[in-house]
Amino acid sequence: WMTSPFFAASDMLLDAAAAVCRNRPRVHFGRMVTGEQFVENGMHAEINRKFAPLSVDMETGSIAQVCYAYCLPFLSVRTITDTEAQAGVEVFESHCEQAAIISKDIVLEELRALGTSP
(Lines give C-alpha, C1' and ligand atoms only; values in the text may rest on other atoms or scores of the structure.)
Protein backbone atom coordinates (compact mmCIF):
# COMPACT_ATOMS: atom_id res chain seq x y z
CA TRP A 1 0.00 0.00 0.00
CA MET A 2 3.04 2.25 0.06
CA THR A 3 4.54 3.70 -3.08
CA SER A 4 8.08 3.47 -1.66
CA PRO A 5 9.95 1.27 0.82
CA PHE A 6 11.25 4.46 2.45
CA PHE A 7 9.58 6.89 4.84
CA ALA A 8 10.64 10.40 3.85
CA ALA A 9 11.29 13.02 6.48
CA SER A 10 9.29 16.22 6.32
CA ASP A 11 11.12 19.00 4.46
CA MET A 12 9.76 21.54 6.94
CA LEU A 13 11.09 19.55 9.91
CA LEU A 14 14.40 18.87 8.16
CA ASP A 15 14.90 22.58 7.49
CA ALA A 16 14.16 23.43 11.12
CA ALA A 17 16.53 20.72 12.35
CA ALA A 18 19.28 21.90 10.01
CA ALA A 19 18.94 25.44 11.36
CA VAL A 20 18.97 24.26 14.98
CA CYS A 21 21.95 21.96 14.43
CA ARG A 22 23.99 24.33 12.28
CA ASN A 23 26.59 24.91 15.02
CA ARG A 24 26.39 21.53 16.73
CA PRO A 25 29.41 19.29 16.17
CA ARG A 26 29.00 15.75 14.87
CA VAL A 27 25.40 16.09 13.65
CA HIS A 28 24.61 14.17 10.48
CA PHE A 29 21.56 14.08 8.24
CA GLY A 30 20.82 11.03 6.15
CA ARG A 31 19.26 7.63 5.77
CA MET A 32 18.51 5.33 8.67
CA VAL A 33 17.64 1.65 8.50
CA THR A 34 15.05 0.29 10.89
CA GLY A 35 13.79 -3.23 11.39
CA GLU A 36 12.27 -5.71 13.78
CA GLN A 37 15.41 -7.51 14.95
CA PHE A 38 18.79 -6.79 16.46
CA VAL A 39 21.58 -6.40 13.94
CA GLU A 40 24.00 -9.19 14.77
CA ASN A 41 27.47 -10.08 13.56
CA GLY A 42 27.63 -10.53 9.83
CA MET A 43 24.48 -8.49 9.10
CA HIS A 44 26.22 -5.10 9.01
CA ALA A 45 27.98 -5.61 5.67
CA GLU A 46 24.78 -6.56 3.83
CA ILE A 47 22.82 -3.65 5.33
CA ASN A 48 25.62 -1.21 4.48
CA ARG A 49 25.86 -2.56 0.92
CA LYS A 50 22.12 -2.32 0.29
CA PHE A 51 21.27 0.95 2.02
CA ALA A 52 24.41 2.86 3.10
CA PRO A 53 22.70 4.08 6.29
CA LEU A 54 24.05 6.42 8.93
CA SER A 55 22.44 4.31 11.65
CA VAL A 56 20.35 1.23 12.36
CA ASP A 57 17.61 0.93 14.98
CA MET A 58 14.44 -0.94 15.85
CA GLU A 59 12.06 1.90 16.75
CA THR A 60 12.00 4.55 14.05
CA GLY A 61 10.11 2.57 11.42
CA SER A 62 7.05 2.12 13.59
CA ILE A 63 6.92 5.84 14.37
CA ALA A 64 7.40 6.72 10.71
CA GLN A 65 4.65 4.30 9.69
CA VAL A 66 2.13 5.86 12.08
CA CYS A 67 3.03 9.35 10.82
CA TYR A 68 2.65 8.14 7.23
CA ALA A 69 -0.73 6.53 7.93
CA TYR A 70 -2.07 9.71 9.58
CA CYS A 71 -0.43 12.14 7.09
CA LEU A 72 1.66 13.72 9.85
CA PRO A 73 5.08 15.28 9.25
CA PHE A 74 7.89 12.96 10.30
CA LEU A 75 11.48 13.42 11.40
CA SER A 76 13.65 11.21 13.56
CA VAL A 77 16.30 12.64 15.87
CA ARG A 78 18.67 9.91 16.98
CA THR A 79 21.70 10.04 19.22
CA ILE A 80 24.00 7.10 18.65
CA THR A 81 24.97 5.17 21.78
CA ASP A 82 26.89 2.30 20.23
CA THR A 83 28.59 1.31 17.00
CA GLU A 84 29.48 -1.91 15.22
CA ALA A 85 32.94 -1.69 16.81
CA GLN A 86 31.70 -0.68 20.27
CA ALA A 87 28.47 -2.52 20.97
CA GLY A 88 26.74 -4.20 23.85
CA VAL A 89 24.68 -3.41 26.89
CA GLU A 90 27.59 -1.85 28.77
CA VAL A 91 28.36 0.59 25.95
CA PHE A 92 24.69 1.50 25.59
CA GLU A 93 24.23 2.02 29.32
CA SER A 94 27.34 4.17 29.66
CA HIS A 95 26.09 6.53 26.92
CA CYS A 96 22.32 6.35 27.35
CA GLU A 97 21.74 9.27 29.73
CA GLN A 98 23.91 11.72 27.78
CA ALA A 99 22.36 10.57 24.48
CA ALA A 100 18.86 11.22 25.84
CA ILE A 101 19.84 14.72 26.95
CA ILE A 102 21.32 15.56 23.54
CA SER A 103 18.22 14.33 21.69
CA LYS A 104 15.89 16.15 24.08
CA ASP A 105 17.79 19.42 23.66
CA ILE A 106 17.68 19.20 19.85
CA VAL A 107 13.95 18.40 19.81
CA LEU A 108 13.11 21.25 22.20
CA GLU A 109 15.18 23.72 20.16
CA GLU A 110 13.45 22.57 17.00
CA LEU A 111 9.99 22.96 18.55
CA ARG A 112 10.90 26.50 19.61
CA ALA A 113 12.20 27.26 16.12
CA LEU A 114 8.91 26.04 14.65
CA GLY A 115 6.98 28.28 17.03
CA THR A 116 5.62 25.39 19.08
CA SER A 117 5.85 25.88 22.81
CA PRO A 118 7.23 22.72 24.47
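Predicted model: local features only at pLDDT ≥ 70, side-chain atom pairs only at ≥ 80, totals over all residues.
The structure holds six salt bridges, and the views below show some of them, including the pair E46 and R49.

**View 1. E46 and R49 pair up within helix α2.** Start with the salt bridge between E46 and R49, whose closest N and O atoms are 2.8 Å apart. Both residues belong to helix α2 (residues 43–51), where three residues, about one turn of the helix, separate them. E46 has a relative accessibility of 35%, so it counts as partly exposed. R49 reaches 59%, and therefore counts as exposed.

**View 2. E59 and R78 link distant parts of the chain.** Here the side chains of E59 and R78 come together in a salt bridge, with 3.0 Å from N to O. The pair connects two loops: E59 sits between β2 (55–57) and α3 (60–69), while R78 sits between α3 and α4 (89–113), and the two are 19 residues apart. With a relative accessible area of 40%, E59 is partly exposed. R78 is partly exposed as well, at 37% relative accessibility.

**View 3. K104 meets D105 in a salt bridge.** In this view, look for the closest N and O atoms of K104 and D105, which lie 2.8 Å apart. K104 counts as partly exposed, because its relative accessibility is 43%. D105, at 27%, also counts as partly exposed.

**View 4. E46, R49 and K50 form one network.** Let us return to E46 and R49, the salt-bridge pair of the opening view. Together with K50, these residues are joined into one network by salt bridges that share partners.

Notes:
Residues numbered from 1 in each chain as written. Heavy atoms only, no water. Salt bridge = Lys/Arg side-chain N within 4 Å of Asp/Glu carboxyl O. Helix = DSSP H or I, 4+ residues; strand = E, 2+ residues; numbered from the N terminus. Buried < 20%, exposed > 50% of the residue type's maximum accessible area, 1.4 Å probe, protein only.
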